[in-house]
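Here is a short briefing on one protein model and its ligand site. Keep the sequence and the 3D view open as you read.

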Amino acid sequence: METRTTETRIDERIVVKVGDLTREDVDAIVNAANSALLGGGGVDGAIHRAGGPAIVAECREIRRTQHPHGLPTGEAVITTGGKLVARHVIHTVGPIYGQNGGRDAALLAACYVNSVALAAKHGLASIAFPAISTGVYGYPKPEAARVARAALAKALDEHAGIREVRLVFFAPEDAKTFVENA
Ligand code: ADP
């Protein structure tokens, strides 16, 4: 019988899987947010719908107290997970591809590195990511895979407390593209 594997372990601490990020049972899921932090389309909308209003309430407070002009690209902040299985959401803003004066890769890498660092700072052990910037923000998926993999290798070296990173893709072909290019 053919077995359909939906998980591929690409490193001792990194798993690539097919699924819905909003249902992941981890300490934190990462949101591919926009700088306004008030919700949006794609994975951002899905997270806010599933997690309920407690998330956006904390986001508003973060805007008011720390980032009145919005969260800069590449940075990350943490909120409750609201009604999600995950206790926390880490919101990071990916680069809009081609609009950063050649700094796309550095900014995308910063999203992964800063999200892992923030999780570690809060004593978390497991974190799940979507493919940041590869939807509406237009980052080519093979290139994004290489950037994500390298950034995570660096971040995990620095943060031994992070025991498991899950890279979650809605589409099986996107997971395959990641594994083939990372
Ligand atoms: P961005 O604006 O950073 O490009 P998007 O939300 O448009 O972010 O897309 C990022 C990626 O997340 C896309 O590859 C999209 O298919 C994927 N995605 C959207 N919803 C989910 C979900 N619930 N679980 C996992 N991946 C998702």
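The notes below cover the sheet, its strand pairs, the cores and the ligand site.

This is a predicted model. The largest nonpolar core holds 34 residues.

**Sheet layout**
- Strands of a sheet pair through backbone hydrogen bonds, in a parallel or an antiparallel sense.

- β1 pairs with β2 in the antiparallel sense, over four bridges.
- A hairpin of two residues connects β1 to β2.
- D11 sits opposite I14 in β2.
- β2 also pairs with β7, here in the parallel sense and over five bridges.
- V16 has L167 in β7 as its bridge partner.
- Four of the five residues of β2 are buried, so the rest of the structure largely encloses this strand.

- β4 and β5 (residues 88-93) run antiparallel and share five bridges.
- A76 faces T92 in β5 across this pair.

**Nonpolar cores**
- Within the largest core, I90, F129, V165 and L167 touch the most other members.
- Strands that give two or more residues to this core include β2 (14-18), β3 (28-33), β4, β6 (126-129) and β7 (164-169).
- Helices α3 (104-121), α4 (141-158) and α5 (172-181) also give two or more residues each.
- α4 gives the most, with eight residues.
- V165 touches R13, I14, V15, I127, F129, L152 and L156, leaving out residues up to four places away in sequence.
- Another core, of 17 residues, lies apart from the largest one; among its members are A33, I47, L84 and V93.

**Ligand site**
- A polar backbone atom of L21 lies 2.9 Å from a nitrogen atom of the ligand.
- T134 places a polar side-chain atom 3.1 Å from an oxygen atom of the ligand.
- G135 has a backbone N or O atom 2.9 Å from an oxygen atom of the ligand.

Technical notes. Residues numbered from 1 in each chain as written. Predicted model: local features only at pLDDT ≥ 70, side-chain atom pairs only at ≥ 80, totals over all residues. Heavy atoms only, no water. Pairing = 2+ DSSP bridges. Core = buried A, V, L, I, M, F, W, Y, C linked by side-chain atoms within 4.5 Å. Buried < 20%, exposed > 50% of the residue type's maximum accessible area, 1.4 Å probe, protein only. Contact = heavy atoms within 4.5 Å. Polar contact = N/O pair within 3.5 Å; in protein donor to acceptor, adjacent residues only side chain to side chain.
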